[in-house]
Amino acid sequence: MTLTPQLLRFIVTGGVNTVFGYLVYAFGVAALDLSYFWAVILSYGIGVTFSYATFRAFVFQEGERGWKSYARFLPTYVVLLLLNIAAL
């Protein structure tokens with residue numbers, strides 16, 4: 001597999017999004033005194049939007065943008081949220 005510039009941007013952006021999501025979760029638990037459940041909900045709500053914005057800006061720069069594109073982005077994250085809640 002060749003490490004193309006787009007693949008490298010995908011990996012870096014995914015790492016940044018993961019760190020951001022964990023920071024929002026930690027902030028929810030530590031600073032806002034949320035339960036783990038509500039911290040996960042907060043983290044996903046903010047993190048998914050951040051992830052969409054960063055992937056659209058740095059990785060997938062062509063194609064449709066806007067609410068329709070965002071709506072197609074969400075189902076995967078809803079499944080991951082449910083799995084995360086179940087694991088908690």
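Figure 1. Helices (H or I, at least four residues) and strands (E, at least two) are DSSP runs, numbered from the N terminus. Helix 2 contributes the most, with seven residues. The model is predicted: local features need pLDDT of at least 70, side-chain atom pairs count only at pLDDT 80 or more, and totals for chains, interfaces and linings use all residues. Residues are numbered from 1 along each chain as its sequence is written, and side-chain values use heavy atoms, with hydrogens and water left out.

**Figure 2. The largest pocket, seen through its lining.** Its volume is about 430 Å³. The lining has 16 residues, and the closest to the pocket centre are Asn17, Thr18, Gly21, Ser43 and Tyr44. How many lining residues are nonpolar, polar and charged? Eight are nonpolar, eight are polar and none is charged. Here Ala, Val, Leu, Ile, Met, Phe, Trp, Tyr, Cys and Pro count as nonpolar, Asp, Glu, Lys and Arg as charged, and the others, Gly among them, as polar. Rolling a probe the size of a water molecule over the atoms shows where empty space is left. On a 1 Å grid over the protein atoms alone, a pocket is an open set of points where a 1.4 Å probe fits, with protein on both sides within 12 Å along at least five of seven lines. Lining residues have an atom within 4 Å of a point. Grid points are joined across faces, edges and corners, and the volume is the space filled by probe spheres set on the points.

**Figure 3. The whole chain.** The protein has three helices and zero strands. From the N terminus on, its elements run α-α-α. The C-alpha trace spans about 40 × 25 × 20 Å along its principal axes. Of the 88 residues, 22% count as buried. Buried means under 20% relative accessible area, exposed over 50%, and partly exposed in between (1.4 Å probe, protein chains only). The accessible surface comes to about 6,200 Å², and 73% of it belongs to carbon and sulfur atoms. These areas come from the Shrake-Rupley method with a 1.4 Å probe; for residues, only the protein chains shown count as cover. Among contacts with a separation of 6 or more, 53% are between residues 24 or more positions apart. Contact means heavy atoms within 4.5 Å.

**Figure 4. Helix 1 and its buried residues.** Which residues of helix 1 are buried? They are Thr13, Asn17, Gly21, Val24 and Gly28. These buried residues pack against helix 2. An α-helix has 3.6 residues a turn, so residues three or four places apart point the same way. At 1.5 Å a residue, the 26 residues of helix 1 should span 38 Å. The end C-alpha atoms of helix 1 are 37 Å apart, which agrees. The expected span is 1.5 Å times one less than the number of residues.

Figure 5. Asn17 is in helix 1. Is Asn17 buried or exposed? Asn17 is buried, with a relative accessible area of 10%. Leaving aside neighbours within four places in sequence, Asn17 is in contact with Phe50, Ser51, Thr54 and Phe55. Leu8 also has its place in helix 1. Leu8 is partly exposed, at 43% relative accessible area.

Figure 6. Ser43 lies in helix 2. With a relative accessible area of 9%, Ser43 is buried. Not counting residues up to four places away in sequence, Ser43 touches Gly21, Val24, Tyr25 and Val48. Leu42 lies in helix 2 too. Leu42 counts as partly exposed, at 26% relative accessibility. Beyond neighbours within four places in sequence, Leu42 is in contact with Val24, Gly28, Leu32, Leu34 and Gly47. The C-alpha atoms of Leu42 and Val24 are separated by 7.4 Å, and the two residues are 18 residues apart along the chain.

Figure 7. Asp33 lies in the loop between helix 1 and helix 2. Asp33 has a positive phi of about 60°, although it is not a glycine. Asp33 is exposed, with a relative accessible area of 67%. Gln61 is found in the loop between helix 2 and helix 3. At 45% relative accessibility, Gln61 counts as partly exposed. Gln61 and Arg9 are 52 residues apart along the chain, and their C-alpha atoms are separated by 11 Å.
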